[in-house]
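I'm jotting down what I look up, entry by entry.

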Amino acid sequence: MASDSPWPRPADAPAAEDLSRCVHCGLCVNSCPTYAITGLEAESPRGRIHLMKAVAEGRIPLTATVQSHWELCLQCRACEAVCPSGVPYGRLMEKTRAQLDAAPPSGAQSRQMRRFLLRNVVARPRVLAAILAPVRWLANSAVRTAAVRSGILHLIPPLARGERMLPNRVGAPLRRGGDVPQPAAPRGEAILFTGCVMGELFGDVHRATARVLARAGIRTENAPLQVCCGALSAHDGDLEFARRLARQNIDALEGSEAPIVVNSAGCGAAMKEYGELLDGDRAYAERARAFSARVRDATEYVAGLGVETPAAFTGRVAYQDPCHLAHAQRIREQPRQLLRSTGCELVETNGADMCCGAAGIYSLVQPTMSAALRERKADQFRAARPDVVVTANPGCQLQYQAAVREAGIEARVMHVMELLDEAQARAETERQD
Amino acid sequence: MPTRRELIRELTAAVGAANVLWRPEDLLVYEFDGTIERQAPHAVVFPAGAEETAAVIRACNRLGIPITPRGAGTGLSGGAIPTRRGVIIATARMRRILEIDPVNRLAVVEPGLPNLQLSEAAAAHGLFYAPDPSSQRACTIGGNVAENAGGPHCLALGVTQNHVIGLEVVTAAGEVTWLGNRVPDAFGYDLRGAFVGSEGTLGIATKVVVRLLPLPASVVTLLGIFDTVEQASHTVSAIIAAGMIPAAMEMMDRLTIEAAEAGLQCGYPPDAGAVLLVELDGLPGPVETQAARARAECFENGAREVRVAQDAHERELLWKGRKGAIGALGRIAPNYYILDGVVPRSKLVEVMARVSAIAESYGLPCANVFHAGDGNLHPLILFDERQPGMPAKVLAAGAEIMRACVDAGGSLSGEHGIGFEKRDFMPWLYSETDIAHMEQLRGVFGNSGDFNPCKLLPTGTGCGEMAHQEAALRAAGPDAYV
């Protein structure tokens, strides 16, 4: 009987068989960024799972303290990648967040606000475009440059924080349905997933991706009816809305065998798991699995094409694994392989695969922990002195821009596709010379 | 008896409010280690350094509150379980590497440092720290000292005891002192030796001076694949009889192989009856010769195939399977009870058969992982603790298996320690006089019974049933007596 459940939303409760997988061996704890910072068992995957078990077994009520431990989790899934027992931690935490979404012991208002924004702003292309227009203007404006130079920001900490979160420079958006570069003689076709914030703030990455695909002879389709992937909602516990978006994307992109190429690791990870998300939906479960099977991260797809497009790039490049690429999608080698193919000097920094603290909306919701993790990256950059910091996810890209500024070094921050595109373009120019 | 409020006030005075946990939900996650025992403490404190640690210990002694030290909570004998509740002293705020001295080949570290992080840092100097328990990603140097931890590579290089040369400790009486120092082989009574392996009953190490060894010039790792555990066991004996001392020699049985392969994709053939992982290291020439010989011994004893790791990546993969094997058994059953018996290598096959028979008589599945080279076996009984009466049944089967090891001329622990779980078996190997002497040694360090109570020795009071403490946890307000 549902009313017997200790969980406020039994339909999405963490599954007993997932919970029982954890044998508390502890091999995960040092992969956990929040454990690395705090040293507290309750801020480790093992501790968080133990609290889930305790609530599930009715040993403790779901209190605000328990909630705080679950909410400090970045959902980076580094623990999942090292777990010998195969605990599906990402799924457990999503389901746990769904319980907090249903009945949060504290902070109900800010949760409602987040839910509202994710549903009505982030997932609505036109609203999002309107909201982000001033951000783009501000990021690129002379006002900002002047404010930074004058040092006035140091006097007003909230402004300084705001400035730090702004992107370096924002190119023109590339929204769903928009024109993308195409090859002269196509030999294949792929669908480019444009996403929500990605399309608004990282249109440059989309265009770079399409150019890389074009050079490999791949025609890029930019489907007009695609929507936000729903990852942010799912991570925050709003599974209902995440499922709605998933169904919309399936409707928009099915009916073709073409791979769905995603250059945002977080979106790609979520879309590869649509099959799981819609498992209980009779009309969509099968279609969702078929959809997920077509999803490819851009680095995975391009590396898999096996085309050696000439590329030339000099300088020290520090690749930082996006969590949802390395841990959720288990893709580590392909981006490095693509970078190495440009001839650059690939440097491995310590903890390259540890979360940078961006983690979707985490940097807004948990600014202290997020900053602590960003500072760790800044320390690494100061030591490694890269010319370029490269990653493959929009949130990480913004966070690394801030970390590089914090480190006080001169380094560009790029997406793998941007670097690859630039390196290929450079090789073309050199050939023509 | 103090109230909880008084206890928290004293602890806060010693380490600051930010470093004391007292909320029931926060304490609940300190009720377990790697075993199946459970008991939540009244408080957890995180001292930084010897002085704060000493202040906490003295405060607890004054109040008559039991203390249990804790590293990463990966222990496999219940050593970090606060059996009589009280205060857990966790070393999580002491996890720095204070010094690496490549010339004298030693490092000074804090006790909360994860084992693997030491070897990773030492690698920059071409050095490594030898003891490598399978939990090395997580387990701490302090915990390794307490349990005298081993690991696959202890076959040739020895256990923690052989690699710790000095310790700064806070004794159970709350006094700060050094045992040994930076120079090995100190004269006089070896109190450092007494402390290593004392399972957190004599005090807490706050600094550890460890030996570092040069990384081997050449390593060959091979995987012998067999149809039966017997064949693999005979190979182990044959390799040693041939005069080789491999760096490591590890065996896994079918159930373990299945779990490891399913969970870690390490390249073990899932249909094999046993695999034997043999690692040889040293100078390139001799290593090649030895590897060829080890390979021949595998085939001689019935191996169906022998794979040799071609590069560091392949070697890592083979080891990943071994080091994650135990956790991977979580795929097969929700719980396991891991045993740690040692038998003479010549009795390995015989004892294995006995272990299978015992597990079968209880109707319990049993997987096996062995540090085969030194006769250290780890039978893992698989079960589901939610089945009524199951934990008691599993413990009974475990006791019978341990008895079988002792009867075969073996011992109770290779590397996991005695802890809470095997303390009642101590009389199988030690006389009353022996145990009384050990008890006296505790007294020398100021432990009158409240410092990690109910561990290692079958003495002390209040160590009976670790009842389910939920009701107590819920009822205990700040004014309840502890």
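This is a predicted model: local features need pLDDT of at least 70, side-chain atom pairs count only at pLDDT 80 or more; totals for chains, interfaces and linings use all residues.

Which residue in strand 2 of chain B does V20(B) stand opposite? I looked it up: V45(B) is the one across from V20(B).

Entry: Strand 1 of chain B runs antiparallel to strand 2 (residues 43-45) of chain B, with 2 bridges between them. They belong to an open sheet of 4 strands in chain B, ordered 1-2-4-3, and the pairing is mixed. Strand 1 (20-21) and strand 3 (67-70) of chain B are the edges, each pairing on one side only.

**Entry: strand 8 of chain B.** Is strand 8 (residues 164-171) mostly covered or mostly open? Mostly covered: 8 of its 8 residues are buried. I then checked its partners. Strand 10 (residues 203-211) of chain B pairs with strand 8 of chain B in the antiparallel sense over 7 bridges, and there V170(B) faces I204(B). Strand 9 (residues 176-180) of chain B is also antiparallel to strand 8, joined by 5 bridges, with L167(B) and L179(B) as bridge partners. The hairpin of strands 8 and 9 of chain B has 4 residues between the strands, and I found G174(B) there with a positive phi near 90°.

**Entry: helix 11 of chain B.** Where is the kink centred? On R322(B), with a bend of about 30°. R322(B) is also buried, as are other residues of the helix, including L318(B), W319(B) and I326(B). At the start of the helix, I noted a side-chain oxygen of D311(B) within 3.1 Å of the backbone nitrogen of H313(B).

**Entry: aromatic rings.** I got 6 aromatic pairs over all chains. I picked out F195(B) and F445(B), a tilted pair at 6.3 Å centre to centre with 50° between the planes.

**Entry: charges over rings.** Which ring does the charged end of R95(B) sit over? That of Y35(A), 5.9 Å from the ring centre, so I logged a contact between a residue of chain B and a residue of chain A. Within chain A, the charged end of R247(A) sits over the ring of Y284(A), at 6.0 Å from its centre.

How values were computed: Residues are numbered from 1 along each chain as its sequence is written. Chains are lettered from A and ligands numbered from 1 in the order in which they are written. Side-chain values use heavy atoms; hydrogens and water are left out. Rings of Phe, Tyr and Trp (its six-membered ring) pair if their centres lie within 6.5 Å; planes under 30 degrees apart count as stacked, over 60 as edge-to-face and the rest as tilted. A charge sits over a ring if NZ of Lys or CZ of Arg is within 6 Å of the ring centre and within 35 degrees of the ring normal. The bend at a residue is the angle between axes fitted to the seven residues ending there and the seven starting there. Buried means under 20% relative accessible area, exposed over 50%, partly exposed in between (1.4 Å probe, protein chains only). A polar contact is a pair of N or O atoms within 3.5 Å; within protein, one must be able to donate a hydrogen and the other to accept it, and residues adjacent in sequence count only if both atoms are side-chain atoms. Two strands pair if DSSP finds at least two bridges between them.
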